[in-house]
Amino acid sequence: MKRRIMSLVLAGAMTCGLFVGCGSSGSSSSSAGDYDSPEEAAQAAIQERKESGEYPTVVIGYMNFAGSPAGLDRISEKLSEITEEKLGVDVELMIMDAASYSQNMNLMLASGEQVDLFNAVSVGYMPCVNKGYTLDLEEDDLLQTYGQGILDTFTETEIDGCRVGGTLYGLPVKKDDAAGKFGISIAAQYLDGIGFDYESMYEDGEEIIYTDFDTIDDIFAQLHEKYPDKTVFYMDVSSVVSQCLPIDIPSDNFGVLLNPTESLVIEDLFSSDQYMELCQRMYKWNQAGYISPDAITETSATTVQVKAGSLMAYKTATKPGILQQETNLCGQPVVIFQTGPDFKGSNAYNTMPWCINQNTEDPVAAMQVLNLLYTDPEASTILCWGEEGVEWQETSDGHITYADGVDAENSEYFNNVNWEMPNQFIAKIWEGNDLDIWERMQEFNDSATTSKAMGFTFDNSAVSAEYTALTNVYTEYQAQLELGFIDPEKGIPELVERLNEAGLQEYMAAKQEALDEWAKENGVN
């Protein structure tokens with residue numbers, strides 16, 4: 001399949017009046033209202049496309065940590081074999097590197113380059129909604145008619161977690177909704193190198209070692225002394241707060257719930273003890289030499305750095321199956337420590353929703369493809385793991401593993417973001433994970449400490465100017481403070497003053513008002 005990615009320079013210059021949509025054969029002409037049931041309407045749309053002989057192409061955009069894989073076109077064609085047979089539709093996968101995904105996807109959505117389905121991770125769900133990039137998925141009963149399988153996959157609460165002002169613009173991902181806070185992954189070879197006895201720290205068959213920062217400080221000191229030429233620790237600055245602190249962050253950092261299991265009071269994150277302690281810890285590690293001087297400008301994924309031998313430890317959100325996931329990504333055994341609780345915040349369902357482009361030419365075809373990816377095990381396995389016999393093969397015990405002669409280094413499609421896929425729960429399970437991994441994941445989601453504001457999304461369109469001003473200020477300080485490059489005792493007061501000047505209190509008041517209204521409507525107190 002030929003890629004239709006235009007020059008980003010041209011994309012930035014194009015106007016929004018140039019929108020195009022999925023495929024060149026136009027949208028389905030029949031209306032859902034012409035049929036007695038959603039099933040009849042769905043089958044009629046498929047039959048109409050097949051009879052026309054002109055299958056539309058639905059372009060699916062998402063990111064991973066290694067960029068566009070060598071086998072991308074082949075996997076698109078393999079997936080199209082299924083969608084052609086079952087839907088009368090072709091698909092084209094468009095995968096971008098995580099470092100450039102947000103910028104590229106924004107340019108594509110603004111300029112009109114074709115992308116029909118996209119994941120809003122890193123692009124930002126609320127920014128996409130506010131910019132008009134996302135389709136109302138219930139307009140003309142689109143989801144109810146052509147996405148019945150999606151509705152069967154999730155609870156009403158999970159679906160409602162993606163509503164903005166009552167309108168559904170995205171759909172949740174079947175993944176770990178909770179997260180173990182401040183998890184740290186360390187390549188086992190380096191722990192072995194300093195003689196650290198981690199094996200004795202595992203309890204009750206756990207794959208994660210639960211510990212405290214005194215232990216982590218001791219490990220880091222020994223690693224730095226033993227391997228002075230390697231970076232001890234690195235974390236992506238965009239997730240420092242969200243994956244380290246057990247607080248609830250409704251939609252953005254400008255007004256949070258510091259005690260989310262007990263209170264619905266919006267408070268200032270940046271003036272809190274929690275934020276100061278986090279930044280102090282990072283400052284301590286930075287001053288000790290554990291963090292690379294180039295951390296702010298680093299664009300390579302943590303697991304890529306570990307695989308290259310330049311990094312020993314990194315932050316990760318923990319969950320069932322995390323040990324095998326990170327071992328696969330790093331290409332070597334890792335040991336995972338966790339210092340915080342398991343927690344599920346209000347944005348558990350809308351951090352990376354799948355959306356349909358507002359300007360897609362054929363919303364019905366796009367929704368039917370999305371529905372297939374949520375419900376068809378074969379399609380989900382291809383999207384997650386690639387082609388059988390090429391990327392992977394089945395084992396005698398029901399798992400899958402690399403195909404003969406294939407490994408993480410030479411695989412042409414080894415997806416490292418299955419948590420971003422619509423429904424990894426129905427895909428085949430990679431060896432090293434228990435076959436009941438998804439039952440365990442659901443139990444993990446259900447048992448985690450949960451915010452009282454679960455499902456609340458802040459529509460900040462009325463204070464969008466304040467949001468822009470606050471974001472600009474925060475961006476000046478975020479990496480410097482949260483990666484430990486400036487003393488938080490000096491930097492945080494400056495940040496707080498600047499944020500208040502930019503309208504932080506007004507923004508927080510608007511968020512509090514919206515949360516209070518949501519709580520009243522949903523009977524939460």
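Residues are numbered from 1 along each chain as its sequence is written, and side-chain values use heavy atoms, with hydrogens and water left out. Because the model is predicted, local features need pLDDT of at least 70 and side-chain atom pairs count only at pLDDT 80 or more, while totals for chains, interfaces and linings use all residues.

**Exercise 1. Determine the strand order of the open sheet of 4 strands, and state which strands stand at its edges.**

Step 1. Strands (E, at least two residues) and helices (H or I, at least four) are DSSP runs numbered from the N terminus, and two strands pair if DSSP finds at least two bridges between them.

Step 2. Under these terms the order of the open sheet is 2-1-3-12, and its pairing is mixed.

Step 3. Strand 2 (90-97) and strand 12 (354-356) each have a single partner strand, so one side of each is left without a neighbour in the sheet and these two stand at the edges. From one strand to the next the twist averages 20 degrees.

**Exercise 2. Describe the surroundings of strand 1: its partners, its burial and the helix that lies across it.**

Step 1. Strand 1 and strand 2 run parallel and are joined by 8 bridges, with Thr57 standing opposite Asp90 in strand 2. Between these two strands the chain crosses through helix 3 (residues 72-87), and this β-α-β crossover is right-handed, meaning that with the strands pointing away from the viewer the path from the first strand over the helix to the second runs clockwise.

Step 2. Strand 1 (residues 57-64) also pairs with strand 3 (residues 117-119), in the parallel sense and over 2 bridges; here Ile60 stands opposite Leu117.

Step 3. Taking buried as under 20% relative accessible area, exposed as over 50% and partly exposed as in between (1.4 Å probe, protein chains only), 8 of the 8 residues of strand 1 are buried, so the strand is largely enclosed by the rest of the structure. Both of its faces are covered, with Thr57, Val59, Gly61 and Met63 on one side and Val58, Ile60, Tyr62 and Asn64 on the other.

Step 4. Helix 4 (residues 98-111) lies across strand 1, strand 2 and strand 3, and runs at about 130 degrees to strand 2; axes are lines fitted to C-alpha atoms, for helices over the stretch in contact (heavy atoms within 4.5 Å), and angles run from 0 to 180 degrees between N-to-C directions.

**Exercise 3. Classify the aromatic pairs Phe196 with Phe337 and Phe425 with Trp438.**

Step 1. A pair of aromatic rings is described by the distance of the centres and the angle of the planes. Rings of Phe, Tyr and Trp (its six-membered ring) pair if their centres lie within 6.5 Å, and planes under 30 degrees apart count as stacked, over 60 as edge-to-face and the rest as tilted. By this rule the count comes to 27 aromatic pairs.

Step 2. Phe196 and Phe337 are edge-to-face, at 6.3 Å centre to centre and with 70 degrees between the planes. The pair links distant parts of the chain, 141 residues apart, since Phe196 lies in the loop between helix 9 (188-193) and strand 7 (209-210) and Phe337 in strand 10 (residues 334-338). Phe196 counts as buried at 15% relative accessibility, and Phe337 is buried at 0%.

Step 3. The centres of Phe425 and Trp438 are 4.5 Å apart and their planes stand at 20 degrees, so this pair is stacked. Phe425, in the loop between strand 14 (400-402) and helix 17 (437-447), is 13 residues from Trp438 in helix 17, and both residues are buried.
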